[in-house]
Amino acid sequence: MEGTSVSQVARLLMPLVPREHRDGLLGDLTEEELPTARVAVETLGVALWWQLEPYRDRSIRLASLLLWAVGLTWLRLVPAAAGDAAFDPTLYTGPIAMAAAFFWSVPIVPAAIAAGLSVGRLTVVPAWAWAVRLHAALGLAAVGYATANGAALGLAAAGCTVGAAWFGDRARPDDDEHRNVTT
Amino acid sequence: MAGGGLGDLEKLALLAVMRLGEGAYAVSVRREIEERTGRVVSRGAVYTTLDRLRRKGYLGSAMSEPTPERGGKAKRIFWVTAPGVASLQSALDGISSLLDGLEDQLAWKARA
């Protein structure tokens with residue numbers, strides 16, 4: 001099997017493998033000259049093992065629950081606090097005030113941003129256990145989508161959760177070696 | 001505590017790395033375990049176990065030079081550290097202690 005085919009199949013799943021192990025895995029698959037289908041299966045298997053690895057640790061399982069609890073709290077608390085606030089442009093003057101009023105009239109969006117930032121920023125999960133943050137971000141994005149008022153807001157909330165989680169992860173001051181941000 | 005919490009595959013991986021010496025990387029470790037024990041081990045289990053042992057400080061690792069056979073990719077080479085040896089020794093001592101007196105029942109003899 002051509003080396004190019006190994007790379008094409010395996011690279012699609014590489015974001016699920018820790019960055020420091022990708023070259024080694026690609027090299028191993030190339031060296032063993034596996035058929036294309038087998039490469040895909042093996043890479044998927046390895047990626048799934050890496051995704052589940054952090055949950056072997058009890059403290060990380062608890063930290064995962066904390067991430068979810070904080071995220072879900074934001075997703076509930078902010079819309080509840082905003083109440084029935086509605087955007088009435090005549091009540092505000094100036095672009096900043098109008099933007100803020102609009103922002104608060106769709107409270108699921110700042111809630112999603114807060115949830116995402118919490119997931120990315122909290123240091124209870126070590127950097128190497130980035131899969132836990134990924135799962136929490138995606139799960140909370142789904143919750144944000146489901147609780148939003150309409151598909152458009154739902155997509156905005158989901159996107160804001162994931163984007164804020166990514167941003168929070170990049171801004172978090174801890175060990176960079178294991179950070180798995182795909183840039 | 002030395003040896004505390006070493007799982008079954010972790011012990012096998014440490015032993016395989018020790019046996020392989022300088023040539024220990026994921027593929028060779030997996031092959032060594034399968035050939036020596038007859039146990040089929042998934043690639044993902046080997047990768048994550050080796051990395052877990054590295055995080056615990058029981059394995060050291062470094063990237064080798066890339067080679068054409070590997071599509072220009074380097075391999076991650078592993079070696080057992082002193083804490084790894086101590087942990088493995090402790091685990092094996094515990095097993096040996098439990099095996100004491102059971103040779104007849106298990107038809108297994110400790111090597112002299």
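Helices here are DSSP runs of H or I spanning at least four residues, and strands are runs of E spanning at least two, both numbered from the N terminus. On that basis, chain A of this predicted model comes to 8 helices and 0 strands. Followed along the sequence, the chain reads α-α-α-α-α-α-α-α. Of the 183 residues in chain A, 43% are buried. The accessible surface of chain A is about 9400 Å², and carbon and sulfur atoms account for 66% of that surface. Contacts in chain A reach well along the sequence: among those between residues at least 6 apart, 70% join residues at least 24 apart.

A local example of such a pairing involves A:P15, a residue in the loop between α1 (3–13) and α2 (19–32) of chain A.

Attention now turns to the interface between the two chains. The contact draws on 24 residues from chain A and 21 residues from chain B. About 2000 Å² is buried between chain B and chain A, with carbon and sulfur atoms giving 49% of this area. Across the interface there are 7 salt bridges, and 13 residue pairs are in polar contact, both residues being at pLDDT 80 or more. On the side of chain B that touches chain A, α2 (26–37) and α3 (43–56) each supply at least two residues. Helix α3(B) gives the most to this side, with 9 residues. Sorted by class, the side of chain B that touches chain A holds 11 charged, 6 nonpolar and 4 polar residues.

Over all chains, the salt bridges number 17. One of them pairs A:D28 with B:R70, whose closest N and O atoms are 2.7 Å apart. Because A:D28 lies in helix α2 of chain A and B:R70 in the loop between β1 (59–63) and β2 (76–80) of chain B, this bridge joins two chains. How accessible are the two partners? A:D28 counts as buried, since its relative accessibility is 3%, and B:R70 counts as buried as well, at 1%.

Helix α2 of chain A also carries A:E32, which is paired across the chains with B:R43 in helix α3 of chain B. The side chains of A:E32 and B:R43 meet in a salt bridge with an N to O distance of 2.4 Å. B:R43 is buried, with a relative accessible area of 4%, whereas A:E32 is partly exposed, with a relative accessible area of 27%.

A further bridge links B:R55 to A:E53, the closest N and O atoms being 3.3 Å apart. B:R55 lies in helix α3 of chain B, while A:E53 is in the loop between α3 (36–52) and α4 (58–82) of chain A, so this pair too joins two chains. A:E53 has a relative accessibility of 2% and counts as buried; B:R55 is partly exposed, with a relative accessible area of 28%. Salt bridges that share partners join A:E53 and B:R55 into one network with B:E10, B:D51, B:R52, B:R54 and B:K56.

Technical notes
Residues are numbered from 1 along each chain as its sequence is written. Chains are lettered from A and ligands numbered from 1 in the order in which they are written. Side-chain values use heavy atoms; hydrogens and water are left out. Contact means heavy atoms within 4.5 Å. Buried area is the accessible area (1.4 Å probe) that two parts lose on being put together, summed over both. A salt bridge is a side-chain nitrogen of Lys or Arg within 4 Å of a carboxyl oxygen of Asp or Glu. A polar contact is a pair of N or O atoms within 3.5 Å; within protein, one must be able to donate a hydrogen and the other to accept it, and residues adjacent in sequence count only if both atoms are side-chain atoms. Ala, Val, Leu, Ile, Met, Phe, Trp, Tyr, Cys and Pro count as nonpolar, Asp, Glu, Lys and Arg as charged, and the others, Gly among them, as polar. Buried means under 20% relative accessible area, exposed over 50%, partly exposed in between (1.4 Å probe, protein chains only). Accessible areas come from the Shrake-Rupley method with a 1.4 Å probe; for residues, only the protein chains shown count as cover.
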